[in-house]
Amino acid sequence: MTRATTAPTRFVEVVLGHWDAWEDDALIVDKATGRFGDGHKVHRLDYKGRFLHSRGPFTVPRSRQGRPVMIQAGSSGRGKRFSARWAELVFVAYHDVASGRQEYDEFKAMVAAEGRDPDAVKVATLAYPICAATQAEAEDKAALIAGLPLEIDALSLLSEALNFDFASKGMDEPFTDAEMAGIQGLQAIRDRVVRNTGKRNPTVRDFMVGSGRGKPPMNMVGGPKQVADKLEEWFTGGACDGFVIGACVVPGSYADFVRHVVPELQRRGLFRKDYAGRTLRDHLGLARATRGDWQPRLAAE
């Protein structure tokens, strides 16, 4: 089976085909005549593939942004390949600026290799800022947060993310080759543990330490200026197109970020003061989707 005929790819083709069922001017909505739409501008899909059959047409007209934004989360090899082909916004978790810049460049090259415009695919990395009015206050918060996670938290989160019962093994018992190959969850975590520990068969404890699961990174702690400096370094240094702000405590982390950091980013011209438009695509700086604009990717194959 080639990559071009995998079930996930065919599923996306079906979804996009249904979203393209209505032409932009198909709606009439004439109360006087009672005519809702032009039937000649609403199309059946009649998709018949190896894995899926679907007829349609989709019952929902095209939205103001053309179609929903295609968002992908996943940094495994398979996830990157899928994102490079289909995604318009990608969620990642780069761990430092240097490696983030390398992975960002590699991914954008994969997008270009698919015949797509790399600038039309946005990459947003996860960030856990711990912020306050001053550096000292932020450091006090970080010390408190660092003492909150328990061992069972890490094990539970690893089990949930990797679809494997970590309680079934001893803390220092290595995973077998079969167990490593059978992990079906977030394989990027598995790969990162192998890379960080240098072990082909890490133990449960290695997974806890090497993944950092359950413990927020303490690499973005400070007052408004300190946190904004780090975000600006990532953003202007070619390591990402934006951020997914994670919370160490809820709702306090978000409130702190909005109160302390957003005004500083706005002052630097790095964060908007008003929305750019009315749709998510407008806010992300993505062009309105047009019918069939995904087709050249298939034709290129």
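**Figure 1. The largest cavity of the predicted model.** The largest cavity has a volume of about 60 Å³. A cavity is a set of points, on a 1 Å grid over the protein atoms alone, where a 1.4 Å probe fits but cannot get out. Grid points are joined across faces, edges and corners, and a volume is the space filled by probe spheres set on the points. By this rule the count comes to one cavity of 30 Å³ or more. Its lining is made by Gly74, Ser75, Lys80, Ser83, Val90, Val92, Tyr94, Glu103 and Phe107. Lining residues have an atom within 4 Å of a point. At least two lining residues each come from α2 (77-86), β6 and α3 (97-113). Helices (H or I, at least four residues) and strands (E, at least two) are DSSP runs, numbered from the N terminus. The lining divides into four nonpolar, three polar and two charged residues. Ala, Val, Leu, Ile, Met, Phe, Trp, Tyr, Cys and Pro count as nonpolar, Asp, Glu, Lys and Arg as charged, and the others, Gly among them, as polar. The model is predicted: local features need pLDDT of at least 70, side-chain atom pairs count only at pLDDT 80 or more, and totals for chains, interfaces and linings use all residues. Residues are numbered from 1 along each chain as its sequence is written, and side-chain values use heavy atoms, with hydrogens and water left out.

**Figure 2. The second largest pocket.** This pocket has a volume of about 910 Å³. A pocket is an open set of points with protein on both sides within 12 Å along at least five of seven lines. The second largest pocket is lined by 28 residues. Nearest its centre lie Asp241, Gly242, Phe243, Phe271 and Arg272. Two or more lining residues come from each of β6 (89-92), β7 (122-127), α9 (224-236), β10 (242-245), α10 (252-267) and α11 (280-284). Helix α10 gives the largest share, five residues. By class, the lining holds 21 nonpolar, two polar and five charged residues.

**Figure 3. Helix α10 and its kink.** The 16 residues of α10 should span 22 Å at 1.5 Å a residue, and the end C-alpha atoms are 23 Å apart, which agrees. The expected span is 1.5 Å times one less than the number of residues. A kink of about 40° lies at Val261, shortly before the proline Pro263. The bend at a residue is the angle between axes fitted to the seven residues ending there and the seven starting there. Buried residues of α10 are Ser253, Asp256, Phe257, His260, Val261, Val262, Glu264 and Leu265. Buried means under 20% relative accessible area, exposed over 50%, partly exposed in between (1.4 Å probe, protein chains only). Their cover includes β8 (130-131), α4 (135-146), α9 and β10. Gly269 follows α10 and has a positive phi, near 75°. The peptide bond from Val250 to Pro251 is cis, with omega near 0°.

**Figure 4. Helix α1.** Helix α1 covers residues 7-19. Its 13 residues should span 18 Å at 1.5 Å a residue, and its end C-alpha atoms are 18 Å apart, which agrees. Thr9, Val12, Glu13, Val14, Leu16, Gly17 and His18 are the buried residues of α1.

**Figure 5. Ala133 in its loop.** Ala133 lies between β8 and α4. Ala133 counts as partly exposed, at 44% relative accessibility. Leaving aside residues up to four places away in sequence, Ala133 touches Gly223, Pro224 and His260. Contact means heavy atoms within 4.5 Å. The C-alpha atoms of Ala133 and Gly242 are separated by 23 Å, and the two residues are 109 residues apart along the chain.

Figure 6. Val29 lies in strand β1 (residues 27-30). Phi of Val29 is near 50°, a positive value in a residue other than glycine. Asp46 also has a positive phi, near 50°. Asp46 lies in the loop between β2 (35-37) and β3 (47-48) and is partly exposed, at 41% relative accessibility. Pro57 is found in the loop between β4 (53-54) and β5 (71-73). The peptide bond from Gly56 to Pro57 is cis, with omega near 5°.
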